[in-house]
Amino acid sequence: MTNLTEPAVSTRNKSWIGESIRRREDERLLTGKALFAADIDLPRQLHLRIVRSTYAHARVLAVDVADAKRHPGVRLVLTGDDLAHLGTIPLQDLGYHEDYPQIETFTQPPLATDRVLYVGQPVAAVLADDPYVAEDAAELVTVDYEVLPAVLDPVDALDTDVELFPGVGNEGVRIEKGYGDVDAAFQNAAHIVSHEYRTGRHSGVPMETRNCVVQPDPGRDVLFVSGIVHVHDSQKVLARILGMPDTSVRMRHSEIGGNFGVKGDIFPEYVVAAWAARHLGRPVKWVEDRSEHMVATSHAREQVHRLEAALDADGRILGLRDEIFHNHGAYFRQAEPLVSDITSVIVVGPYRIPSYSVTLHAVLTNKTPVAAYRGPGRYESTFARERLLDLASQTVGISTIEIRRRNLLTASDLPWNPGIEMVHEPYHFVSGDPAEHLEKALTHIDWDSWVTETEQLRRDGKSVGIGVGVLMDKAGLGLYETGAVEVSAVGRVRVLTGASSVGQGIETVLSQIAAEHLQINPERIDVVHSDTDLVPDGVGSWSSRSTVLAGGAVREAALAVVAKAKRLASTMLDVPEERLRLVDGAIADTESEASISLYEIAGRRDPYTARLDDDEPGLAAHAVYRNNEMNYPYGVTIVQIEVDPATGGHTFRRFLTTTEAGRMINPMTTRGQIIGAAIQGIGGALYEEFAYEEDGTPIATSFMDYLLPAAQEMPEVDIFVTEDAPSPDNPLRAKGLGEVGIIAVGAAVAAALDNAIGDGLHTDRIPVTPQQIFERCRSRNKTAD
């Protein structure tokens with residue numbers, strides 16, 4: 001047999017974890033070899049085009065599809081009546097149905113029937129032989145509407161006669177939580193500070209819009225679906241609404257591109273495509289255009305926080321109260337009210353807050369439905385909390401740094417378990433020292449030099465300011481993940497995972513974890529995901545969970561492979577098992593030169609002569625990694641910004657973001673994640689907003705109106721990562737790092753703008769537009785004159 005050992009370069013005792021290995025995904029993505037669902041063309045496929053509502057709130061009186069049906073090349077036209085038997089798109093079972101039994105009331109039908117609730121809502125669908133024919137025919141569909149008043153503001157929605165769901169009201173869920181004696185805290189306070197904060201509506205706008213291909217097998221009544229992110233959860237939801245067994249909806253891998261949460265649902269378009277493919281027995285392809293994306297893909301953010309803090313005379317927090325209005329748009333989508341739940345608790349952040357109470361209103365309005373978007377709930381809550389701390393520092397008469405020093409948790413406070421649950425798991429912070437981390441961050445940048453430089457620039461006539469934001473994330477949500485490791489006689493290893501690749505480099509990270517525990521070069525390891533036939537169960541990639549949970553499953557499977565290999569090598573080498581150890585991808589005898597590679601062991605495993613007490617033939621192992629505790633990375637964002645009073649423009653002079661990582665698996669991918677998140681945070685602070693006219697008509701429907709930070713607006717991001725507090729809740733000691741870079745950016749930028757403009761005003765809403773900066777600078781200058 002060919003000896004398939006590792007290359008001549010020794011990997012003995014090699015530690016692949018912690019190495020900046022180049023992302024294995026990049027070669028196919030950057031060279032155009034990656035296959036997206038939009039690239040898939042199947043024989044006899046039909047193209048789907050959606051007819052969308054042009055009104056935010058209206059009764060649907062009639063839908064005329066006669067002309068569309070007669071258009072050459074059209075094979076099917078659907079209206080809400082055709083799919084009414086499907087009901088509405090069910091929510092994931094995340095434990096909220098028991099807490100809030102009414103939540104399914106607020107779910108969306110695939111196609112509107114008697115009423116539309118937002119501009120962009122699917123009303124009818126056209127399927128044709130050609131995408132341009134489908135688009136032309138969709139223009140022939142006419143809808144007769146009776147326009148109704150629209151409600152857009154989440155606060156106003158609770159005090160209006162306009163109801164999206166008549167007889168039910170506009171509050172989908174009310175969440176009330178807390179701990180400690182908040183009333184006593186406010187009664188005994190030396191200072192009480194309160195303010196209202198608003199975060200504008202924005203979301204992810206990846207290069208790759210939503211797309212899917214559904215291929216039917218009519219003989220077996222099976223659907224093969226490509227282009228959907230969280231394949232296992234989506235398989236269950238799609239099967240349920242179609243009335244099919246889970247095993248008859250088979251999710252196949254294709255590249256997804258950017259996600260960050262906004263593609264994670266089963267959208268109405270997916271249901272229409274799947275139903276039509278099954279009904280017609282022909283493949284159906286749907287590719288969203290950019291205008292559709294702007295009005296129909298899930299939006300995010302838009303929250304109002306009415307936050308107040310009780311402090312003692314020295315500025316230490318005694319209690320915190322928050323009333324939150326979370327604008328969910330017209331319907332609850334797949335995982336909600338998950339983001340609302342996270343929001344209600346993460347307000348407290350990494351601070352020593354003895355008492356807290358919150359009421360959160362999950363509100364329905366006539367806007368596009370919302371879902372998760374990178375740092376959901378954390379970006380908005382951190383903006384409100386950190387801005388209130390800036391306000392409190394002025395009230396108490398201490399610096400913005402000092403008020404954080406006095407209130408941040410320290411190692412001596414741990415374990416910090418104040419008695420509140422977030423997403424059915426206790427908030428239980430056990431690893432780290434946020435106060436010490438702040439000091440290290442200040443030392444890293446030489447904070448005093450930033451202050452001195454800023455003061456000098458102001459004396460030189462420039463409008464420059466500094467802002468600080470402290471953050472805490474929750475990561476690792478979801479109780480389990482699946483993984484498998486299969487060693488092949490041909491000299492490769494296959495890793496299977498329930499996670500998915502959404503731009504975070506999970507294939508690279510999992511190959512490193514497997515390589516570490518098999519002592520095999522990562523280049524020989526293939527990672528398979530997003531295929532329900534190959535990976536029958538899994539949870540997916542969201543909430544910065546992949547490294548810890550998927551990595552934990554791969555680690556356990558790899559260790560099981562090594563244990564099995566030692567048992568088999570003991571027989572093959574006629575050596576006691578206790579004398580064997582793993583060296584360079586082989587099982588070696590510690591007392592002789594005898595060894596046998598994992599590949600050889602896999603090749604010499606004859607399934608017909610396998611011992612009955614072996615787990616299974618071959619050299620493979622499956623694992624389910626369980627973890628019922630989230631991990632809590634934390635960090636600081638500090639920015640120095642200069643504004644141009646003549647134009648309202650702005651330039652980042654310095655930008656620092658930090659995190660306590662626990663343990664980095666790949667420092668390079670960690671850096672990429674943090675930088676990318678920081679830029680998205682800048683977008684939410686200064687550029688991006690889905691704005692609406694008073695009647696609910698969207699204003700931002702293209703990149704002419706929806707602004708994004710481009711390359712020239714991106715600052716040089718200084719990243720400072722510590723590994724001082726390895727997470728005790730998982731064997732990798734890692735923390736989820738996919739979202740930390742975005743969380744405190746809005747707060748830090750707002751503080752820096754106030755500091756730069758120096759007009760005494762307090763920024764309480766983001767994004768801040770150039771027009772607003774210009775007007776504030778002009779007012780400041782008039783006052784100075």
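Biologist: How many nonpolar, polar and charged residues does the lining of the largest cavity have?

Modeller: The model is a predicted one, in which local features need pLDDT of at least 70 and side-chain atom pairs pLDDT 80 or more, while totals for chains, interfaces and linings use all residues. A cavity is a set of points, on a 1 Å grid over the protein atoms alone, where a 1.4 Å probe fits but cannot get out, and its lining residues have an atom within 4 Å of a point. Classes are nonpolar (Ala, Val, Leu, Ile, Met, Phe, Trp, Tyr, Cys, Pro), charged (Asp, Glu, Lys, Arg) and polar (the others, Gly among them). On that basis the lining of the largest cavity divides into 19 nonpolar, 20 polar and 11 charged residues.

Biologist: Which residues lie nearest the centre of the largest cavity?

Modeller: Residues are numbered from 1 along each chain as its sequence is written, and side-chain values use heavy atoms, without hydrogens and water. The lining of the largest cavity comprises 50 residues. Nearest to the centre of this cavity are Ser541, Trp542, Ser543, Ser544 and Glu739.

Biologist: What is the volume of the largest cavity?

Modeller: The structure holds 6 cavities of 30 Å³ or more. Volume here is the space filled by probe spheres set on the grid points, which are joined across faces, edges and corners. For the largest cavity the value is about 830 Å³.

Biologist: Which helices each supply at least two residues of the lining of the largest cavity?

Modeller: Helices (H or I, at least four residues) and strands (E, at least two) are DSSP runs numbered from the N terminus. The helices that meet the criterion for the largest cavity are H10 (338–346), H15, H16 and H18.

Biologist: Which element gives the largest share of the lining of the largest pocket?

Modeller: A pocket is an open set of points with protein on both sides within 12 Å along at least five of seven lines. The largest pocket has a volume of about 1100 Å³. Helix H1 (26–30) and helix H18 (667–687) are the elements that give two or more residues to its lining. The largest share, 8 residues, is that of H18.

Biologist: In which loop is Phe260 placed?

Modeller: The lining of the largest pocket has 37 residues, by class 16 nonpolar, 13 polar and 8 charged. Phe260 is among those nearest the centre of this pocket, together with Met207, Gly258, Gly503 and Gly676. Its phi is near 60 degrees, a positive value in a residue other than glycine. Phe260 belongs to the loop between strand S11 (249–252) and helix H8 (268–280).

Biologist: Which residue is the bridge partner of Ala484 in S20?

Modeller: Strand S19 (residues 480–487) and strand S20 (residues 493–497) run antiparallel and are joined by 5 bridges. The partner of Ala484 in S20 is Leu496.

Biologist: Which residue of S4 is the bridge partner of Arg59?

Modeller: An open antiparallel sheet of 3 strands has the order S4-S2-S6. Strand S2 (residues 58–64) pairs with S4 over 2 bridges. In S4, Arg59 has as its partner Arg115.

Biologist: What is omega of the cis peptide bond between Ile766 and Pro767?

Modeller: A cis peptide bond joins Leu414 and Pro415, with omega about 0 degrees, and Pro415 is in the loop between helix H12 (400–405) and strand S16 (421–422). Pro767 is located in the loop between strand S29 (765–766) and helix H21 (770–784). For the cis bond that joins Ile766 and Pro767, omega is about 5 degrees.

Methods
Two strands pair if DSSP finds at least two bridges between them.
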